[in-house]
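Here is a short tour of the model, written for reading beside the structure. We begin with a pair of helices and then move on to the ligands and the domains.

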Amino acid sequence: MQIALIGCGAIGTALLELVKDDVGLQIAAVVVPAEGAEAARAVAQRLAPGAQVVQAVPADGIDLVVEAAGHAAIEQHVLPALRRGVPCIVASVGALSAAGLPEQLEAAAREGRTQVQLIAGAIGGIDALAAARIGGLSTVRYTGRKPPHAWKGTPAEQGRDLDALANETVIFEGTAREAAAQFPKNANVAATVSLAGLGLDRTTVRLIADPAVRENLHQVEAAGAFGSFELTMRNQPLAANPKTSALTVFSAVRALRGKVAPLVI
Ligand SMILES: NC(=O)C1=CN([C@@H]2O[C@H](COP(=O)(O)OP(=O)(O)OC[C@H]3O[C@@H](n4cnc5c(N)ncnc54)[C@H](OP(=O)(O)O)[C@@H]3O)[C@@H](O)[C@H]2O)C=CC1
Ligand SMILES: O=C([O-])CC(=O)C(=O)O
């Protein structure tokens, strides 16, 4: 299977490392902005020597796209690929918080007679939540807790010095839609939990900067006709990007391998 990888940052690089010896998965293209091409070329040379580094998904010869780039890449690269009939795996699930984008993705996939797959990424329990939704859910609450430095470059910095935080601090409370829009690099999980469960506007979200934690913690509490569950993930962050959990990479690789494996779980 010939694959185009969109993004060659923390997730993209770790993904290339993991799939470099997978016989059925050939990375044919790495798609990055022009400014990032030189750095991506150095990574590709080492981990995917057969790949071309380009600014758009090649129009021909690609069987599958995997996105690990950021919200803007969905409109820029994923929608056109879907319309051409290329299936896409998406990590930047928070992009679907933009009004109309879920419908656009569905329309593009329908036009191309293909599918877009949103990965679970840094969170577990998505299978249980999506199944529970069929019986009816009453509440879904998500709490994301990361060390203060993981919130740098986000609205969490407004009015506070993250380096000086002595106690856990709630930096956001609201809906999953608001969280995903305001924290595009930190609240994709909030969007994923909501899309699998009660939706972007009925899922309540709390985001916390906590100097007492080293891992990225994700907690989901859900209740409905199925019963209830509470889930806590204590994810190791990637060294290359403390905002991103290593599990996100494993989740993307699992999705890729699931496309070629004879038995899938
Ligand atoms: N579902 C989940 O659980 C999670 C999802 N994510 C999503 O994954 C994304 C990537 O994470 P991570 O690898 O840690 O981020 P990085 O910032 O380390 O890497 C992002 C990469 O994407 C490239 N890029 C940015 N914009 C575009 C674009 N429009 N088209 C093509 N390439 C682009 C960047 O290039 P350059 O450096 O040149 O800008 C860089 O190579 C996050 O932004 C987030 O949306 C992250 C964590 C969890
Ligand atoms: O990787 C993580 O821990 C989660 C994350 O950044 C996100 O939800 O966007």
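Helix 3 and helix 4 run roughly parallel to each other, because their angle of about 30° falls under 35 degrees. Please keep in mind that this is a predicted model. Helix 3 covers residues 72–83, helix 4 covers residues 101–111, and their axes are 7 Å apart. On the helix 3 side, the contact is made by Ile74, Leu79, Leu82 and Arg83, while helix 4 brings Leu101, Gln104, Leu105, Ala108, Ala109 and Glu111. By class, this contact has seven nonpolar residues, one polar and two charged.

The contact of helix 5 with helix 7 has five nonpolar residues, one polar and one charged.

| Helix pair | Distance between axes | Angle |
|---|---|---|
| Helix 3 and helix 4 | 7 Å apart | about 30° |

Now to the ligands. Ligand 1 is surrounded by 34 residues, and the closest of them are Gly7, Gly9, Gly36, Ser92 and Gly121. Helix 1 (10–19), helix 3, helix 7 (188–196) and strand 13 (241–245) are the elements that give two or more residues to this shell. Which element gives the most to the shell around ligand 1? That is helix 3, with four residues, so the helix that packs against helix 4 also takes part here. The shell around ligand 1 divides into 16 nonpolar, 16 polar and two charged residues. Both domain 1 and domain 2 supply at least three residues each to the shell around ligand 1.

Around ligand 2 you will find Ala122, Lys185, Asn186, Ala187, Asn188, Val189, Asn216, Asn235, Lys243, Thr244, Ser245 and Thr248. Helix 7 and strand 13 are the elements that give two or more residues to this shell, and strand 13 has the largest share, with three residues. By class, the shell around ligand 2 holds three nonpolar, seven polar and two charged residues.

Two residues of the ligand 2 shell, Ala122 and Asn188, also turn up in a record: the UniProt annotation "binding site", from an unreviewed entry, covers them. As for its place in the fold, Ala122 lies in the loop between strand 6 (116–118) and helix 5 (126–135).

Finally, let us look at the domains. The domain assignment gives domain 1 (2–118) and domain 2 (126–241). Taken over C-alpha atoms, the centres of domain 1 and domain 2 are separated by 25 Å. How many residues of domain 1 are in contact with domain 2? There are 12, and they contact 13 residues of domain 2. On the domain 1 side, helix 1 provides the largest share, three residues. That side of domain 1 divides into five nonpolar and seven polar residues, with no charged ones.

Methods:
Residues are numbered from 1 along each chain as its sequence is written. Chains are lettered from A and ligands numbered from 1 in the order in which they are written. This is a predicted model: local features need pLDDT of at least 70, side-chain atom pairs count only at pLDDT 80 or more; totals for chains, interfaces and linings use all residues. Axes are lines fitted to C-alpha atoms, for helices over the stretch in contact, and angles run from 0 to 180 degrees between N-to-C directions. Angles under 35 degrees count as roughly parallel, over 145 as roughly antiparallel, 65 to 115 as roughly perpendicular and the rest as oblique. Two residues are in contact if their C-beta atoms, placed from the backbone, lie within 7 Å. Ala, Val, Leu, Ile, Met, Phe, Trp, Tyr, Cys and Pro count as nonpolar, Asp, Glu, Lys and Arg as charged, and the others, Gly among them, as polar. A residue is near a molecule or strand if its C-beta atom, placed from the backbone, lies within 6 Å of it. Domain bounds come from an automatic or database domain assignment. UniProt positions are given in the numbering used here, feature names are shortened, and annotations may be inferred rather than shown by experiment.
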